[in-house]
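Hi there,

Here is the structure I promised to pass on. Have a look at it first, and my notes follow below.

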Amino acid sequence: MIVIHHNPDCGTSRNVVAIVKAAGEDPVVIEYLETGWTRPQLLGLFAAAGLTPRQALRETKSPAAELGLLEPGVSDAQILDAMLEHPVLVNRPIVCTPRGVRLCRPSPGVLDLLETWPSGPFELEDGTPVIDASGARVSG
């Protein structure tokens with residue numbers, strides 16, 4: 001099973017969902033801005049992906065700066081508390097597969113988590129090639 005923690009307003013997140021579906025998978029898509037996060041969920045995802053809360057913090061197009069989270073000395077615990085209150089602070093998409101858990105930015109990084117890739121050629125929504133006509137990875 002593949003689980004994608006997704007924000008439909010994010011192009012990178014949409015590209016990841018498209019890549020996974022084009023690979024023939026039917027992922028469980030969790031729109032975390034609607035569902036929110038739990039502390040155990042975030043701690044588990046971050047541990048599995050090898051991330052700290054600071055590394056997973058979305059710094060742009062989020063309230064991170066206004067909340068003072070970009071300042072030196074802000075602890076991971078403080079960042080985690082803020083992420084629970086403001087789900088948009090978690091960078092995305094986070095993808096969970098039998099091959100591992102990863103923050104898939106840029107989106108072609110999801111290919112490392114898939115058993116099979118989409119047949120080529122395959123492009124991102126902006127036209128950037130990801131897989132060429134022979135099925136070889138082009139970028140990411």
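Let me begin with charge: the chain carries 11 positive and 17 negative side chains, and the centres of these two sets lie 2 Å apart. Please keep in mind that this is a predicted model.

On the overall fold, the chain has four helices and six strands. Read from the N terminus, the order is β-α-β-α-α-α-β-β-β-β. Along the principal axes, the C-alpha atoms fill a box of roughly 50 × 25 × 25 Å.

Now for packing and surface. Of the 140 residues, 43% count as buried. If you take contacts between residues at least 6 apart in sequence, 55% of them join residues at least 24 apart. The accessible surface comes to about 7,000 Å², and carbon and sulfur atoms account for 52% of that.

Some backbone details may interest you too. The peptide bond from R92 to P93 is cis, with omega near -5°, and P93 sits in the loop between helix 4 (76–85) and strand 3 (94–97). Another cis peptide bond joins G120 and P121, with omega about -5°; here P121 belongs to the loop between strand 4 (100–103) and strand 5 (122–123).

Then there is K61, a residue other than glycine with a positive phi, near 50°. You will find K61 in the loop between helix 3 (39–49) and helix 4. Is K61 buried or exposed? With a relative accessible area of 74%, K61 is exposed, since the cut-off for exposed is over 50%.

Best wishes

Note on methods: Residues are numbered from 1 along each chain as its sequence is written. This is a predicted model: local features need pLDDT of at least 70, side-chain atom pairs count only at pLDDT 80 or more; totals for chains, interfaces and linings use all residues. Side-chain values use heavy atoms; hydrogens and water are left out. Helices (H or I, at least four residues) and strands (E, at least two) are DSSP runs, numbered from the N terminus. Buried means under 20% relative accessible area, exposed over 50%, partly exposed in between (1.4 Å probe, protein chains only). Contact means heavy atoms within 4.5 Å. Accessible areas come from the Shrake-Rupley method with a 1.4 Å probe; for residues, only the protein chains shown count as cover. Lys and Arg count as positive and Asp and Glu as negative; His and the chain ends are not counted. The place of a charge is taken as NZ of Lys, CZ of Arg, CG of Asp or CD of Glu.
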